[in-house]
Each structure stands twice: as C-alpha cells, then as structure tokens.
Amino acid sequence: MGGETPTQKKPTSDYPALAPKPVGQLISGIYKDRISQFYAGGQWEHANLRAMMNEGVAAGKPYVQLWVWDAPNLTRPTFKEAVSHDFKETSVGEWFGPSWSTHWFKVVLKVPKDLQDKRLLELHWDGNNEGMIWTEDGQPLQGLTGGGERVEWILPESFRDGKEHTIYVEMACNGMFGNAPGGDSIQPPDPNKYFQLSKAEIVAVNPDARQLYIDIWIIGDAAREFPSDSWEQHRALKTCNDIIGAFELGNKDSLKTCRRIAEEYLGSNINSAKVYDSGKEPLVFGVGHCHIDSCWLWPFAETKRKVARSWSNQCDLMDRYPELHFACSQAQQYKWLKELYPYVFDRVKEKVKKGRFHPIGGSWVEHDTNMPSGESLVRQFLYGQRFYESNFGDRCQTFWLPDTFGYSSQLPQLCRLAGMTRFLTQKLSWNNINKFPHTTFNWVALDGSQVICHMPPSETYTAEAHFGDVKRSMSQHKSLDQDSTSLLVFGKGDGGGGPTWQHLEKLRRCRGISDNVGLLPRVHLGNSVDDFFDKLERKAESFVTWYGELYFELHRGTYTTQANNKFNNRKAEVVLRDLELITTIASIKDKSYKYPKKEFDEMWELVLLCQFHDCLPGSSIAMAYDESNAFYAQIFKTAKSILKDVCKVLRVSEVKSATVEDGIALNTLPWHRKGLIDISETEAAVACGDGPFLQLRTFKASEESPEVSLRKLADGVFVLENSQLKVEVKAGCVTSLYDKSAQREIIPKGQMANQYVVFDDKPLYWQAWDVEVYHLDTRKELPCGETTVHEELKHRVSVITKTRISDKSSIETIITLSASIQGEQSYVDVSSKVEWHETMKFLKVEFPVDIRNTEANYETQFGYVKRPTHYNTSWDMAKFEVCCHKYADLSENGYGVSILNDSKYGFATVGSLMRLSLLRAPKAPDAHADMGTHHIRWAILPHQGYLGPTTVRKAYEFNYPLKLLSASGGVAGSALGAAAEPPVRLTADSNPSLVLDTVKRGEDDEDVSRGELPKNKGRSVVLRIYDSLGGRARGTVATTWDVTKVSKANLLEDELDEVVIQDGKFDIDLRPFEVATYKLQLA
C-alpha cells in the first residue's frame, strides 16, 4: 500500500482566525490617574468606593445625645472635677474655643435596631481638634486627632443592646500641631481660634469596602512607583484597573470580587498577621513609634494629655494587631502618665511585660545635645535609666534621639557608660549643604568609645507606612556594602498619635507584595528595636566609623534663640553643681543634716525637661517659655532655700558685705584658687586657698604704685592697665590689647575687638531654628557712642559706652580690667545690657586677633572639639556657625586667645576673626522671642602656650564666681574650721588637665534613697572626673573622709573595678577626654 500521504492531526485551539475587534494598549498615565479617582472625595465620592464605606449611620437624637461643660480660664480639669459640674445640652455644628480651652462632653449613645447586627460599629467624632474618650466611670480609653484623622472609636459589644450608654469626650481646643493661623504650622498661635464639632454619629462600617480601599491604595502605589520597565509595575496597573472594572456601586458582593482580584497581587494572607509568617528573609524591620515633643507648638501642659491620648491608642491597636511592636522614649512622659493617668499607665505596663510596648532611649527627655553641660547629659541618662529600671524592671540598651539638632562628640562615651551600645537618629538627613554618607556605622567619641549608629534610610521618624517608605528603606540605604537591613520607624509624630490602623494594614500589603510579586524590599513587623540592633552588633566590627560630632547642617540659629532660656539653663546647672558639693560635705560633716535628695531630684528633673530639644534650642511657642520661666523660678527658689539651710549647718551666712576678718569666699572649684572678691561696693579682698571655704586677706594697693590704672588719652579714648595687660578702648571697642609678659600685641593693626555687628537674619523657612550662610553677606558694624569712665577703684577700673542699634534698641557696655593676681592670668571683662526690640536681626560681637590656625577650639561636654576656620570644602563652610560652651579658643604654637562667656552658645571663627553670637529676633513660632532686656558677660583671655589648663580653669571661674559668706572669725569660725585640706581634691602633682567636675552623694545610700531602687548600706560619695584637654592624664585623689573602699563606676553608679586607696589617697589614670566616675564608700 505505498504512496499514501499521512494525515496530520490539526492542533486544537480556541484562537480565532479573524480578529473580532481592535484592542488598544493601556495608556499608562491615564490609567494611573484613574486609580485615585476610585476612592477620591469631591465630585466622585457618591459614585465610587467611598459611597459604599458605610452600611448605615445614626446621628442626632435619640441615638447620639450631647451635653457640654466648658472648663473656665484655659484650665485642664481632671475627669472627676469635670463631671462634678452641670452640663448643658449642645449639638453637632456648634463651635468651641478659644484656643487652648477645654470642653467636656457627655455623650449618650443608643444603637438603632437596624444597625445592631452590623459587623463593625464605630462612633465617629470629629471636633477638628484633639480629644480623649472616657468611660462613664472615668477611665481614659482612646485619643482622637480630628480633622478627619483618627476620628473613629469602635463601640463595645455591650453597646449593641439597644439601650443608652454614656461616655465622655474631653475636647482640647488645639490641633495636633497647635493653633497656628492658616496653613503654616510654625507661625505664632492664634489665641482666638474656635473649632466646630462637625461630626458625632454611630457608623456601621463596611469592612470589605474599608479593606479594599487599602488594597487599591497600595497596589496603586506599586503601579505609580515601581519602574515602568518592570512586569511588576504593569501587573499592578492592570490589577487596579481590573478592580475598578469589577466594582458595582451598591453591590456588596462586588466588593468581595474586587478583594479577590487584589489578593492575586497581594497574596491571600494580607488580612491578618499571618502575612509575616512566610519564613522569607526580611530587609526592612518596621517598628511603631510616636514622637511627642514635650513642648513645641503647644505648651508642656498639653503634652501630658497628648501622651495619654497617643499611648492609649497604641494599647488598643496592639489588642487588634498582634504584629505591632511600639517603641517610645522620654522617661518624663512615662512619669506624667503614671501620675496623671494611672489607668493608661497600667495598660502600658501590661504591654511592656508582654514585650509589645518598648520603653526606649534611656534619657529623661529627647534632649538637645549641643548646649547642656556634660553633667546634664549624665543626669539625662541617670534619671532616665533609673526610672525605666524602677518601673519596668529593665534599663534601655538603645539611645533614641531622632529629632535633635546635632549630636555632641562625647555622646558615644556617655551612652556606653550608661549601659547603651546603640544609637538611633535620622535628623542629619535634613542637612541642607552636604549629604551624610552613612546609614549604619560605628560612631566614635573623643575618648575612642563607640556605639552602633543607625539612621533609617526612609529618612523620617514619622513614616506614614507608605509603599514609598518601604521602597526608600532600600533605595536610600547608604551602607549596603556592609549591611542591607534597616529600621522603618512609622507612626504619626511630633504632636503625638503614633501608628494608625491604616499604617498596619498598609504594611501587611507591602509584605504581601514582597512575598507574592517581589521587587519591593521585604518588610517585617513583630520585632523590637533591640532585636534589630542585636543582629547589627554581630557584624559591627566591619562597619565604617565616624569620629567626633555629628554636626547638623541646619538649625544653627538654635545656639542663640531664646537667650533668657539659655541663661537660665547655665545658671541652673551652676547652682546645682555648687549645692551638690556643699550639701555632700555638710551631710558627711553633720549626720543630723539630711542631704536634700528629694529637692535635687525635683530640680534636676525640671532642668532636664527644659533641655528638651525644642525648649532649650529656642524653637517653641511663647507659652512653653512662660512655663519654663516658672520652672526655673521654682528651681532657683528651691536652691536659695537649700543654700540657706546648709549655711546654717556649716555655721556661715550669706552677706553682701563683710570684713576681711569675718568674710569667707565660697569656692566650689577643685583647684587652688586665688582671686579678688568684693567685700563692699568699693573694696575687695584677696581669696586664696583650696576647698569650699577660702580665707580672705587684705588687698594692698597704693596710689603711688596702683595695681590697676585708668588713663584718658583723648575724648572717649582710655587706657586700662595692670601688671599683665594694657588695654586701649576707643568708642567702646578695644583698639589695642597688649600682653606685657609676652610682649605681644593681640589686636591686628587698624582693627577693633569688641566690635558689635548686626546681620539681616531671614532664613529660608525655619525662623527660630535657622540662620543661613547668606546672612554673613549683610554684616553691618554698629557705631558706638562716647566712652566715659564708669569705675575707678583700687582693685578695678572700667569704662562705659552706649551703642545705638536702632530707634528701638541699644547696648550699654562696660569694659573692665581688674588688678592682676600673681600666678593668675588676667583678662578683659565685658558686661553688656542690651535693650533688644528688633525684627529678623542677628547681633554678634567680633574679636579680630593676631593668631593664625586652620582650626579653632570650642569647649564641649567634658572636653573640646576642633573646627575649621576656613571654607576649603563645603563640609568646612557648613560650619559657619557652631556651638561652644564656656569658651572658644584660637591658638597657634606658643600663644592663643580665648573668648569666655557666661550664657552664650553660638560662635564662629573665620580666619583670625572670632565672633560671639549674642541675640536673634525671629518672629515664629514665638512672635516676641528675645524681645526685652538682656544682661550678658564675656571676656577676652590672652594666654601663653596653646590651649591649656589656663583657659579651662578661667572659663570655669568666669561661670562660678566666688561667693561672699561670713562667719565669726572667718573660716576658722565655720563648721569646717581652719582645716588645711579640703574634704576631697586632686593633689597638686596631678595633671592640670584633670577636672573634678561633680561631687555628690550616692543615689541609693540608705540615708539618701527615696526608695525607687534597692537601698545600699552605709554612705557613699560619687566623684566625676574628666580629662579636659585630650591627653593621657594621671593624678591622685586625696580625701579627708574616712573611706573604706573606692570603686570605678559607670554613670548609673554601678561599681565596676575596685581601686586601691591608701592613706586617704588613690591614683587615677584617664584616657584622653575620658569621663571617669568613682564611688567612695564611707565608714
């Protein structure tokens, strides 16, 4: 049978032979824009998804009945006080105010029969301001934000019985960001703002519609933000359009269909925490957070309520979202909660115990780190860690400071000494000149101590948990060659709030995309911040390093704004140091005298609170400074009382005048001190010696051989001269400063020191915060008036000059030279009284000096930092305004000049020109910042040799002047007697760079402890000593106390290593810039 052709079997296919119709390509831009229309408000909201969000609404009587009581005079009464008053009937649509007032509503709810079986019932309350829901018996349940945000409260199941149920709503007449008029939140608050209660209704929510809204939001983000050349983006776009196509207005079943389409892209586990159980390795670790500024665009008093509102919300969310882990810092805020809202505090404690709510940070508040003294930073950690340990059983491992305006070079050392090895911030992402180059790195302090630092690459501490936040956690990560993981810190913040249910739902879907589609970094919830850092720590040896300060290239004006607040901060730090020393001595000398631990705690907690990063820097509204002024007044009142009591114990008294025989100089500095002290309006004595009480001796001077003189050269031109310095003053400026010992002129020829200059000060936006580089182009010298003689005494001479700034502002300046004391470096003392009523101006004073160096030296906490005097690079130029403490110094080999100050922090050195910042005049957020009278002191201190102990000690002495006391018979008549040695000191052969900065009693001594932590038997004294100049420093501590044991300790006063003590002495050996704490146990 040959020759046949085999039959081919035809392939089966439904593919039509003829094209039935044209099919076009999706026009990407149009179809993307269509997505948001599906859930937008406005003209579409009655025909899109929004129209199906609710299954029913019950408003007005009898379902929602309202009564109100208006709290008087801007008070914030407690629940108990509020409900004791008569309430009047009110309704939706009424207006309430003014700004900062409080209104309590009694709300009676009755769920109608047709809503009782609905799946999700909520009260929607929108007063367009903040609020708190309370139970009928006075338990705070949940915060409300207003303005369409966080306005819902889920009704309890018990409310579905058709009966009336009563709750209360506390309305605070402020928005989340205060009460600024218009849309610019940093403008000064409007005191007469009113808020309309726009909504109070029972709503049956359709859960399918609500979930679909989140589905398409996130898939829509994928369609918009994934690369257009990726299949993942095209599939996301198609999915969104398929959802829109499947939606039928009014058809609830279509919502389920739409959700099934969404799950094809997102995965099927997105409706629960199971989405995080895929077992796939995550790169982004989400942690809920609620940054609450302790004051800012609202007063401290309102923050106390913000804390309760925000944290109660988080406890509620944790019950509904098992994956939520929430971290929050600031021990002060926990203490407020404990004292004012014990019910919420107990809820928080329960969540802490379960490992869901994480106290973090280890400090009292999220404080500024530029301006507080070294000891203030220590106390931030001491008080913070002790609170966490005593209330939650653990100390913090991670220092948490996301929003502070720059980070001091000694923080890593202090963190390690406070038990913390990790640090989180992100503020440097705001730099406006250079981009900080690292995400995860080892940050190294002046002494070599290091902590692991992570800066979340999403570059925010208030992430909205958007698709883009997760994406940026990888795309902006700068340390991928070392570690590719990152933290995503999400939740409403600054004004509080924290994560919302929307945030958590969005993150579930982001994880679903990562597992089901890919391309998006995989996010994970369910771990703590410490879990994240634990993983980093295992590989930290390979991380890059950053040495020294983390200088913030923005907000440089905060070194100067709100000068009075900064003045109070410095004075409070000084008085606390003084009092701790002398009360320690008194409590050991006389056992009947009780060391005032309670008072010190109260004072320190207020000082630390005022160092919050929007208070001390000067970036809060006026109300916050009214509060801080009251806090400082309380501090100084308590200090005066303590001093009075301790003087009685030590058998001395405070006086304004005394004789040489009965007078005593109170000295709280730890070295041999010799100086002049006024004993009357016209006379001075010489105080000399070691220890707290210095004997006085007569100051001897003759008219034939004066110790200091004043000569008039011409009208308005004077020469002030002592044995060390010759100062020529003309029209208020120093035209010559000649160092007779060094035979050296300090002021360059033709130039003038102590020259006032004023600049236009109009930053790009942040008025109180910023001074921009271009302000330097507007420099204007202020011409001085005539200089005249102010004082001509045997021990001191001075001249006075009046300077006109404008029609409204002026300066009265006194330049003083005192008699030189043998062995002590003399300096030119300047005091000014400034009447300041300017707008957007910056007042500074300049000192051109004949010194050359490419770096200047600025005191910082427990040491100093070097910064450039040139503009070689953009990194150098960015430091056109920097922070200093008690001194700034420009030295070359063999000689230098230091500028001392008593209350200022802003400084600049450009070439050989030194410039101290005095006053600013921003108009937002405080319209009257710095207006008024200011008293400011500074000094010009020439010195032989490079920066050394002379500057360090004179800067201390300038801030800690001798104080006149009196006792019958002088020092011998005091309780300390005429002892040759002070109770504790560094011996004369110790390295002069060593500073004994703090002397205090042990926190948990049995005669001192307030019971927060277990008491220690016996009595102890804690010493804090540091190397101030950056070299290996050896010394010997000598004490007359009966010491049985000495231990080197950490900042929390845990004993570490025992130190040998013999004959009342023990040796110390410190690294460059090391901060060392020693605990002396007494017999």
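Q: Hey, how far apart are the end C-alpha atoms of residues 553-632, and how much of the span is helix or strand?
A: They lie 30 Å apart, and the span is 65% helix and 0% strand. Keep in mind that this is a predicted model.

Q: What does UniProt list for residues 553-632?
A: The UniProt record, an unreviewed entry, gives "domain: Glycoside hydrolase family 38 central" for that stretch.

Q: Which residues lie nearest the centre of the largest cavity?
A: S373, G374, K886, Y960 and D997 do, out of 23 residues that line the cavity.

Q: And which elements give two or more residues to that lining?
A: There are helices and strands in the list: helix 9 (374-392), helix 14 (563-589) and helix 18 (949-959), plus strand 40 (855-860) and strand 50 (994-1001).

Q: Which helix gives the most to the lining?
A: Helix 14, with five residues.

Q: Let's move to strand 44. How many of its residues are buried?
A: Seven of the seven, so to speak the whole of residues 895-901; strand 44 is mostly covered.

Q: Which residues of strand 44 point which way?
A: Y895, V897, I899 and N901 point one way, while G896, S898 and L900 point the other way, and all are buried. In a regular strand, side chains alternate between the two faces of the sheet.

Q: How does strand 43 join strand 44?
A: Strand 43 (residues 887-892) runs antiparallel to strand 44, and six bridges join them.

Q: What about strand 47, how many bridges does it share with strand 44?
A: Seven bridges, and strand 47 (residues 932-944) pairs with strand 44 in the antiparallel sense.

Q: How many bridges join strand 31 to strand 32?
A: Two bridges join them, and strand 31 covers residues 733-739. In strand 32, E745 is the bridge partner of Y738.

Q: Now helix 4. What span should its residues have, and what do the end C-alpha atoms show?
A: Helix 4 has 16 residues (231-246), so at 1.5 Å a residue it should span 22 Å, and its end C-alpha atoms are 22 Å apart, which agrees.

Q: Which residues of helix 4 are buried?
A: The buried ones are E232, Q233, A236, L237, T239, C240, N241, I243, I244 and A246. What covers them includes helix 1 (28-37), helix 3 (207-225) and helix 5 (252-266).

Q: Last one, G93. Where does it lie?
A: G93 lies in the loop between strand 3 (88-90) and strand 4 (95-96). With a relative accessible area of 28%, G93 is partly exposed.

Q: What is G93 in contact with, leaving aside neighbours within four places in sequence?
A: G93 is in contact with Q196 and L197.

Q: How far is G93 from N959?
A: They are 58 Å apart in space, C-alpha to C-alpha, and 866 residues apart in sequence.

Methods:
Residues are numbered from 1 along each chain as its sequence is written. This is a predicted model: local features need pLDDT of at least 70, side-chain atom pairs count only at pLDDT 80 or more; totals for chains, interfaces and linings use all residues. Side-chain values use heavy atoms; hydrogens and water are left out. Two strands pair if DSSP finds at least two bridges between them. Helices (H or I, at least four residues) and strands (E, at least two) are DSSP runs, numbered from the N terminus. UniProt positions are given in the numbering used here, feature names are shortened, and annotations may be inferred rather than shown by experiment. Buried means under 20% relative accessible area, exposed over 50%, partly exposed in between (1.4 Å probe, protein chains only). Contact means heavy atoms within 4.5 Å. The expected span of a helix is 1.5 Å times one less than its number of residues. On a 1 Å grid over the protein atoms alone, a cavity is a set of points where a 1.4 Å probe fits but cannot get out, and a pocket is an open set with protein on both sides within 12 Å along at least five of seven lines; lining residues have an atom within 4 Å of a point.
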